[in-house]
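I opened this model to look up its ring contacts, its surface and its strands. My entries follow in the order I made them.

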Amino acid sequence: MRQIYAKPLVLAVCTVLVASLALFIPYDAAILTASWGNYWLAAALFVSFGAVAWRMLRAAGGLVAVKQWLFRQWPIIAAALVFSAVVQVHEPHQPKILYDEYAICGTAYMMHYERQASFPARAHYVEGSLRVLNTMVDKRPVAFAFLLCTLHDISGYRVGNVYVLNAAFTFALFLLLGIWARRAGGFGASYLAMLLVAGLPLLAQSATSAGFEVMNLCMIAALVLAADYYWRKPAAEGLDMLIVCGLVLATTRYESILYLVGMAAVVLFKWIRERRLSMSWFSAFSPLLLASALVTMRVFLGNHDFHQVGDAPFISFDYFSDHGAAALYFLFAGPYSDQGSSLLLSVAGSVSLLLIIVGSVSMLSKGKTLRASTAAFLPILAIILINTLVVILGALGLLDNPMTTRLGLPLLLGLVFCVVLAAVDFAKGRALPMWLPAVAAVWFVGVSIPQLARHRMTDMTNVSHERAFFREWAKEHGTTRDLFVDESSVGLILEGFAAVSYVSVDMAPWKLDAVLREGVYDNVYVLERRHYDGKEWVRNEMCPLKADLRLRELARYRSRSNGLATVSILEGVDMEAPKLPENYVDRQYFVLP
């Protein structure tokens, strides 16, 4: 009896322990833990993931099994390579959602150089090398940043490594989808799933960005595949892989922690079906690996500024009407709209979703058993729908907005799973007829590829193009003897430039003049975004530069009819500087803004 309940008891104790960490840790301690502990907590998580995967591989036959698998799955692998290449070639490879992606890449930067999970906020050249003098802990989980840091460790620091990582995740997403769909309905189902996903302009936008959206989709697909494998196998076989997939997903985006509920439901339903509790000791101790995600969640929830809503409520039913209408437009807008969804997927997916729900309820009410793929997917589908509802009820839940439309990606992926399952049910368990992927292929060639080529949603993200202009200008004209002032300094620091933010300058504007007088820098360049108010070009109201600076414009870029980005050189500061002590030991360091 003791052996039966020992592992569940350890699981409960570890769960309570790690939950207490998130609930009761003081905010300052959470910041400190996140900054200096998240790298090592993420490392423990991914080492565990690798160990579980290696153990599964050895149990399946090792390298011999890999060769056999490659031989059997080569059509899916080839298709995944083709589709992942297609979504890479139409979009510019640059950060799309500022400043989220800079913060993620900045966290990887500091992990690489300092093993510190925070992003650089202020950097200067000191004695010939770029020194980060201030950092900030980000509100986002660190799984993607850790993997990007690891890529930096292997290849050396390169700004473009993030696009390599996202390209790898794009291929993995197509591969995982193809493998799951083939298990559900043969090669036809694989091609159908991959065609539907490849036709999403929003996926192409995310796959060529510097964010973690594609990793999030990839881990949702991995969780569905692992749940399907676990459901088909006896006892605890496959449970450890299911758990580590859920834990990595929970450490990718903050709302993705809810998928642990779906994962737990799959395990609970299987225990009920088998009428026994079966788990490994790794599963019992696995909640401890959630520490990184929970500490980061504590950081996010403990700072109201991270919610980005001002005085408005973060979640409210008052948003449902407007945000619900925006979600419907996002899903069902025509192919020539500016949205990043697919009308074919939205229509087919919505019908399939209803069929799956009605069919599953009908079968369960009659005491019948659901197919393994459907039974394992339904709890995860429930979390996808709950997450979508939470997004719609959130202050930032306008899915038709270029800045927040990416939050609809998990719903679109869930609709792909629904289409495949409904099609397999239509085929009555036989291999899916090839005319279904043929129809999807015609839509992909005739409608989706032109949508990808137009990339209108990306063109609407004018901030992204303005930042690209600033970056290219700095790379062409800037040197280590120049200081850049920008609304957010992170992107320029990642490129190797000394940079400070508007906030730093506004605290002591006189320091910009002082660094020129003291010979610390030869030039100070100020980057600004402006808009036309009907009479003149005025500074961006969201985050204006308040300091009274004398500037001479050097270059400008019109990102839209009423949007302007300018690069100016500092000619003076209309503010009297305090007298510096002549015998101050670190005089130049003292004047750094």
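Entry one, aromatic pairs. I found that the structure holds 20 aromatic pairs. Rings of Phe, Tyr and Trp (its six-membered ring) pair if their centres lie within 6.5 Å; planes under 30 degrees apart count as stacked, over 60 as edge-to-face and the rest as tilted. I noted that this is a predicted model, where local features need pLDDT of at least 70, side-chain atom pairs count only at pLDDT 80 or more, and totals for chains, interfaces and linings use all residues. Residues are numbered from 1 along each chain as its sequence is written, and side-chain values use heavy atoms, with hydrogens and water left out.

I looked up Y109 and Y157, an edge-to-face pair with 5.2 Å centre to centre and 85 degrees between the planes. Y109 is in helix α4 (residues 100-114) and Y157 in the loop between α5 (143-155) and α6 (161-198), so their pair ties together parts 48 residues apart in sequence. Helices (H or I, at least four residues) and strands (E, at least two) are DSSP runs, numbered from the N terminus. Is Y109 buried or exposed? Y109 is buried, at a relative accessible area of 7%, while Y157 is partly exposed at 21%. Buried means under 20% relative accessible area, exposed over 50%, partly exposed in between (1.4 Å probe, protein chains only).

I then turned to F300 and F314, which also pair edge-to-face, with 6.1 Å centre to centre and 70 degrees between the planes. F300 belongs to helix α12 (residues 291-301) and F314 to the loop between α12 and α13 (320-332), 14 residues apart. F300 is buried, with a relative accessible area of 5%; F314 is partly exposed at 33%.

I also noted a cluster of Y39, W40, F46 and F146, linked by ring pairs.

Entry two, charges over rings. K270 lies over the face of Y230, 3.9 Å from the ring centre. The charged end of R273 is over the ring of W231, at 4.5 Å from its centre. A charge sits over a ring if NZ of Lys or CZ of Arg is within 6 Å of the ring centre and within 35 degrees of the ring normal.

I asked which residues of strand β4 (residues 498-501) are buried on each side. A498 and V500 are buried on one side, A499 and S501 on the other. Strand β3 (residues 482-486) runs parallel to β4, joined by four bridges, and V485 stands opposite V500. Two strands pair if DSSP finds at least two bridges between them.
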